[in-house]
Amino acid sequence: MNDTFKTIKELSKAIFTEQKSKFISYAIPIQSVDDVKSELEKYKKEYYDSRHICWAYVLGADRSEFRSNDDGEPSGTAGKPILGQINSNELTDILVLVVRYFGGIKLGTSGLITSYRSAAAEAIEGAEIVTKTVDCSISFSFEYPFMNDVMKIVKDMEATILNQSYDMDCYMTLQIRQAQFDLLKNRLSKVESLNFPEI
C-alpha cells in the first residue's frame with residue numbers, strides 16, 4: 001500500500017518572459033481549499049494591476065481534489081497547462097499561480113499554453129520537493145502497570161506520541177504511517193487492560 005506523497009517544502013518563485021509578456025509564477029505549499037482562497041486573495045492584492053492571475057491546485061495524498069482557472073485567458077490555455085505541470089511532477093498539497101503582464105504582442109493559443117506551462121515548470125523546478133507519509137492517529141487507555149508494554153510497542157514501531165496523560169488510567173494518542181496502522185493496533189490490542197474508545 002502506497003502511503004507516501006510528494007509535495008513542496010516552501011514557496012518558490014520564478015519569472016518567465018515571452019514576447020514582452022511577463023509571467024511571474026509561484027509554487028505554494030497548501031493544506032486546504034481555504035489556503036488556496038487566502039493565497040489567491042493575497043496575490044490579487046499584490047498584483048492588482050496585472051492582466052491575469054491563472055492558477056491550479058492539487059490536494060490530498062491521493063491527489064483526487066484539484067482545480068484550475070484560466071482567469072480570463074482563452075479556455076484551456078492557462079489553468080490546464082499549470083495543472084499539467086503539477087501532475088507531471090506527481091505533486092499534491094500545492095498551488096501554482098502565474099501572474100501575467102501583457103506586453104502588447106498577442107501570443108496566440110499555443111503561445112499562451114507554452115508560456116503558462118513554462119512559467120509553472122520553472123516555479124516547481126525552483127522548489128524543494130519532499131516526500132511525506134500519510135499518517136493515522138490512534139487513541140487508547142490502559143492501566144499504569146502496563147506502561148512498559150505500551151512504551152516497548154511505541155519504540156519498536158517508531159510511533160509518535162501526540163499526547164499522553166497519566167492518572168489512575170493512562171491515556172495516549174499515537175501517530176503512525178498508514179501502512180503500519182493495522183499492525184500497531186493489533187499489537188496494542190494484546191496489551192492487558194488496554195482499551196480503544198468506542199467511536
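This note goes through the charge pairs, surface charge, backbone angles, cysteines and chain distances of a predicted model.

1. Basis of the note. The model is predicted, so to speak of local features requires pLDDT of at least 70, while side-chain atom pairs count only at pLDDT 80 or more and totals for chains, interfaces and linings use all residues. Residues are numbered from 1 along each chain as its sequence is written, and side-chain values use heavy atoms, with hydrogens and water left out.

2. Side chains of opposite charge can pair when their charged atoms come close. With a salt bridge taken as a side-chain nitrogen of Lys or Arg within 4 Å of a carboxyl oxygen of Asp or Glu, the count comes to six salt bridges. One of them joins Lys42 to Glu39, with the closest N and O atoms 3.3 Å apart. Helices (H or I, at least four residues) and strands (E, at least two) are DSSP runs, numbered from the N terminus. Because Lys42 and Glu39 are three residues apart in helix 1 (residues 33–46), about one helical turn separates them. As to exposure, buried means under 20% relative accessible area, exposed over 50%, and partly exposed in between, with a 1.4 Å probe and protein chains only. Lys42, at a relative accessible area of 44%, is partly exposed, whereas Glu39, at 16%, is buried.

3. A buried pair. Glu73 and Arg100 meet through their side chains in a salt bridge of 2.9 Å, N to O. This pair links distant parts of the chain, since Glu73 lies in the loop between strand 5 (65–69) and helix 2 (79–88) and Arg100 in strand 6 (residues 94–101), 27 residues apart. Both Glu73 and Arg100 are buried.

4. Through salt bridges that share partners, Lys152, Asp156 and Arg187 are joined into one network.

5. Negative surface patch. Which residues form a negative surface patch? They are Glu143, Asp149, Asp167, Asp169 and Glu192. Patches are made of residues with over 30% relative accessible area and no salt bridge, where like charges are joined within 9 Å and nonpolar side chains (Val, Leu, Ile, Met, Phe, Trp, Tyr) within 5 Å. Lys and Arg count as positive and Asp and Glu as negative, while His and the chain ends are not counted.

6. Positive phi angles. Most residues other than glycine have a negative phi. Lys20, although not a glycine, has a positive phi of about 75°; Lys20 sits in the loop between strand 2 (12–18) and strand 3 (21–29) and is exposed, at a relative accessible area of 63%. Ser193 is likewise not a glycine and has a positive phi of about 75°. Ser193 is placed in the segment after helix 5, where its relative accessibility of 24% makes it partly exposed.

7. Cysteines. How many disulfides are there in the model? If a disulfide is a pair of cysteine sulfur atoms within 2.5 Å, the count comes to zero. Cys54, at 0% relative accessibility, is buried, whereas Cys136, at 22%, is partly exposed.

8. Asn87, in helix 2, is partly exposed at a relative accessible area of 36%, and its C-alpha atom is separated by 8.9 Å from that of Arg63, 24 residues apart along the chain. Leu11, in the loop between strand 1 and strand 2, is partly exposed at 46% relative accessibility; between the C-alpha atoms of Leu11 and Gly126 there are 9.0 Å, for residues 115 apart along the chain. Ile8, in strand 1 (residues 4–8), is buried, with a relative accessible area of 3%. Ile8 and Asp167 are separated by 159 residues in sequence and by 41 Å in space, C-alpha to C-alpha.

Methods: Areas by Shrake-Rupley, 256 points an atom, 1.4 Å probe, with all protein chains shown as cover. Charge placed at Lys NZ, Arg CZ, Asp CG, Glu CD.
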